[in-house]
Amino acid sequence: RSCGGIGESLGSGPYSRENAAHAIGYTNVNGQSGRIIAALVHYGLLTRNGNVYSYSDLLGRILFPRSAQDKINAIQEAVHNPKIFDILIRKYTGSALPLMLNNILIHDFDINKNVSSDLVINFKKTLDFAGLLKNGIVLDYEERAMLEDINKSFEYFPDNSKPDSIVIDKFQESHYETPPLPSGIIIVFPETLKTHFVLGDFSSEIKNLENKAQLLLEEKK
């Protein structure tokens, strides 16, 4: 919403901080408007040169995308621009975020205890908005894009045969498959989770999945 206000009111810029504050609905530069403008710079959506602002190419792709997918890609690229977000996404890609992530931020990243909880809330909301948090699992931009390419490849193979493509080969290099479960389900997981599968950390979840699959198969008989 803030980005749209700047784009509609001011165009690409350059413009002053005061004009940017007006464009996002504030009468002047205050604590709240200043934080929003700083956040837009932090995400790489605004560029700053001294006291002059312009909107970035990344923001241009969000406001005026070439396609719906281009807008999604630009949003997900923006999520990686804050350094702490990029570190956390890469650290937890393919796994669930720890319940005590706010304490981890305090101890491992020297984040002030007074802001760590708010940072976690903002991080989760941002990931969810960008489509990088699925069923509680963090999905990195590069991996999401690869999965989309694979899905598009299979659209041309109605018999579900596997196309001989570079995308599939690259995906398989960094992923593993479990042996087929009795129901026939095969679970594909990233290399970063290999140790967890070997140690049986997902045993209860896999058992529940298999039980559910068996019930559904029985209903279809």
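**Exercise 1. The nonpolar core**

Determine how many residues the largest nonpolar core has, and which residues have the most contacts inside it.

*Solution.* The largest nonpolar core contains 36 residues, and those with the most contacts inside it are Leu45, Leu46, Leu101, Leu105, Phe123 and Leu127. At least two residues of this core come from each of α2 (17-23), α3 (31-42), β3 (52-55), α4 (57-63), α5 (68-79), α6 (83-92), α7 (101-109) and α8 (113-130). A nonpolar core is a set of buried Ala, Val, Leu, Ile, Met, Phe, Trp, Tyr and Cys residues joined through side-chain atoms within 4.5 Å. Buried means under 20% relative accessible area, exposed over 50%, and partly exposed in between (1.4 Å probe, protein chains only). Helices (H or I, at least four residues) and strands (E, at least two) are DSSP runs numbered from the N terminus.

The model is predicted: local features need pLDDT of at least 70 and side-chain atom pairs count only at pLDDT 80 or more, while totals for chains, interfaces and linings use all residues. Residues are numbered from 1 along each chain as its sequence is written, and side-chain values use heavy atoms, with hydrogens and water left out.

**Exercise 2. The chain as a whole**

State how many helices and strands there are in the chain, and what percentage of its residues is buried.

*Solution.* The chain has 12 helices and seven strands. Of its 221 residues, 38% are buried.

**Exercise 3. Salt bridges**

Find the salt bridges, and identify the residues linked in a network of them.

*Solution.* Side chains of opposite charge can pair when their charged atoms come close. A salt bridge is a side-chain nitrogen of Lys or Arg within 4 Å of a carboxyl oxygen of Asp or Glu. The count by this rule is three.

1. Arg61 pairs with Asp70 in a salt bridge, with the closest N and O atoms 3.1 Å apart. Asp70 counts as buried because its relative accessibility is 12%.
2. Glu77 also forms a salt bridge with Arg61, the closest N and O atoms being 3.1 Å apart. This pair links distant parts of the chain, with Glu77 in helix α5 and Arg61 in helix α4, 16 residues apart. Glu77 has 27% relative accessibility and therefore counts as partly exposed.
3. Asp86 and Arg90 meet in a salt bridge (3.0 Å, N to O). Both lie in helix α6, four residues apart, about one turn of the helix.

The network of salt bridges links Arg61, Asp70 and Glu77.

**Exercise 4. Packed helices**

Describe how α5 packs with α8, and how α7 packs with α8.

*Solution.* Two packed helices are described by the angle between their axes and the distance between the axes. Axes are lines fitted to C-alpha atoms, for helices over the stretch in contact, and angles run from 0 to 180 degrees between N-to-C directions. Angles under 35 degrees count as roughly parallel, over 145 as roughly antiparallel, 65 to 115 as roughly perpendicular and the rest as oblique.

1. For α5 and α8 the angle is about 160 degrees, and the axes are 9 Å apart. Therefore α5 is roughly antiparallel to α8. Ile75, Gln76 and Val79 in α5 meet Thr126, Leu127, Phe129 and Ala130 in α8, where contact means heavy atoms within 4.5 Å.
2. For α7 and α8 the angle is about 125 degrees, with the axes 8 Å apart. These two helices, α7 and α8, are therefore oblique to each other. Among the residues that meet here are Leu101 and Leu105 in α7, and Val120 and Phe123 in α8.
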